[in-house]
Amino acid sequence: LVTDFNKWCDEETYATKATIGDARAKVADLQAFIEEQAALQDRLRSEVDETISEITSTEMDLTGAKQIRTKEHSNYKAAEDSYVQSLDELTRAMEVLQNPNPSFVQATKSVQLALERAATVTPQQQASIQDFFAQAAQGQQQPQKGASFLQQVPYQSRTGELIQTLQQIKDETEKNRNDASREEAGSQHAFELLEQSLDSEITNGNKQMAEKKMQVSRSQEVV
């Protein structure tokens, strides 16, 4: 009986030690798992912070690009309005000068207004126009018969030259307007491509951030 009891005690002792050993191993594994999950959570949180920083930076880039594009478009619209007004005034001035009996006062005002609107007048053109009206002012003081003195020799040929000068200014204005329009279209296209790229980066960044936050939540649930 004593022998059997001792044998049973030895078996129980062995089994208890084995159980304790298994428990310690499981505790060690669990502790290692917890530490692994904690490290994972720290890494994911750090990646989330980096992603937030990247998204914020990209959003600032997009906001800055929109502000620049808005200002560029505003400048273009102002220039476009100026070109339209300039072309209208140049056309009106030439129509006045081509009138069979042009009024000197009306012609002077029309040309002056056209020159104020135009942004492409060269010093040579300006001098030529001023010289024309200086001579025309003298001719107006002379007795006139029939047609307006602007249609009389030598003013008729000078009037034709003035019309040609205004046409040159108009052509240059139209060219500048077309160049500005092409530049605006190019700038708008470039902005749209940039906006699409930045929007994509922001969308992907938000998606990655949401996935990482979800991974953190799952990691916290298992521990």
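**Group meeting talk: a walk through the helices**

The cut-offs here are under 20% relative accessible area for buried, over 50% for exposed, and partly exposed in between, with a 1.4 Å probe and protein chains only. Before I go on, please keep in mind that this is a predicted model, where local features need pLDDT of at least 70 and side-chain atom pairs count only at pLDDT 80 or more, while totals for chains, interfaces and linings use all residues. Residues are numbered from 1 along each chain as its sequence is written, and side-chain values use heavy atoms, with hydrogens and water left out.

Back to Thr-203, which sits in helix α4. Thr-203 and Ile-55 are separated by 148 residues in sequence, yet their C-alpha atoms are 8.7 Å apart in space.

Now the whole chain. What does its secondary structure come to? The count is 4 helices and 0 strands, and along the sequence the pattern reads α-α-α-α. Helices here are DSSP runs of H or I with at least four residues, strands are E runs of at least two, and the numbering goes from the N terminus. The protein chain has 223 residues, and 27% of them count as buried. Its accessible surface is about 15000 Å², with 51% of that belonging to carbon and sulfur atoms; these areas come from the Shrake-Rupley method with a 1.4 Å probe, and for residues only the protein chains shown count as cover.

What about contacts, meaning heavy atoms within 4.5 Å? Among contacts with a separation of 6 or more, 81% are between residues 24 or more positions apart. Setting aside neighbours within four places in sequence, Glu-89 touches Ser-110, Leu-113, Ala-114 and Arg-117.

Next, salt bridges. By that I mean a side-chain nitrogen of Lys or Arg within 4 Å of a carboxyl oxygen of Asp or Glu. How many salt bridges does a search of the whole structure find? There are 9, and I picked a few for you.

Asp-42 pairs with Arg-45, with the closest N and O atoms 3.6 Å apart. Both are in helix α1, 3 residues apart, or about one turn of the helix. Arg-45 is partly exposed, as its relative accessible area is 34%.

Arg-43 joins Glu-47 and Lys-212 in a network of salt bridges.

Then comes Glu-80 with Arg-177, whose closest N and O atoms are 2.5 Å apart. Here distant parts of the chain are linked: Glu-80 is in helix α1 and Arg-177 in helix α4, 97 residues apart. Why does Glu-80 count as buried? Because its relative accessibility is 13%. Arg-177, on the other hand, is partly exposed at 28%.

On a 1 Å grid over the protein atoms alone, a cavity is a set of points where a 1.4 Å probe fits but cannot get out; a pocket is an open set with protein on both sides within 12 Å along at least five of seven lines, and lining residues have an atom within 4 Å of a point. Points are joined across faces, edges and corners, and a volume is the space filled by probe spheres set on them.

The largest pocket holds about 170 Å³ of space. Its lining includes Arg-69, Tyr-76, Asp-179 and Glu-183, and α1 (2–97) and α4 (155–222) each supply at least two of the lining residues. By class, that lining has 4 nonpolar, 3 polar and 5 charged residues. For the classes, Ala, Val, Leu, Ile, Met, Phe, Trp, Tyr, Cys and Pro are nonpolar, Asp, Glu, Lys and Arg are charged, and the others, Gly among them, are polar.

There is also 1 cavity of 30 Å³ or more, and Phe-132 and Arg-158 are among the residues lining the largest cavity. Helices α3 (123–140) and α4 each give two or more residues to that lining, with the largest share, 4 residues, coming from α4.

Key. Contact = heavy atoms within 4.5 Å.
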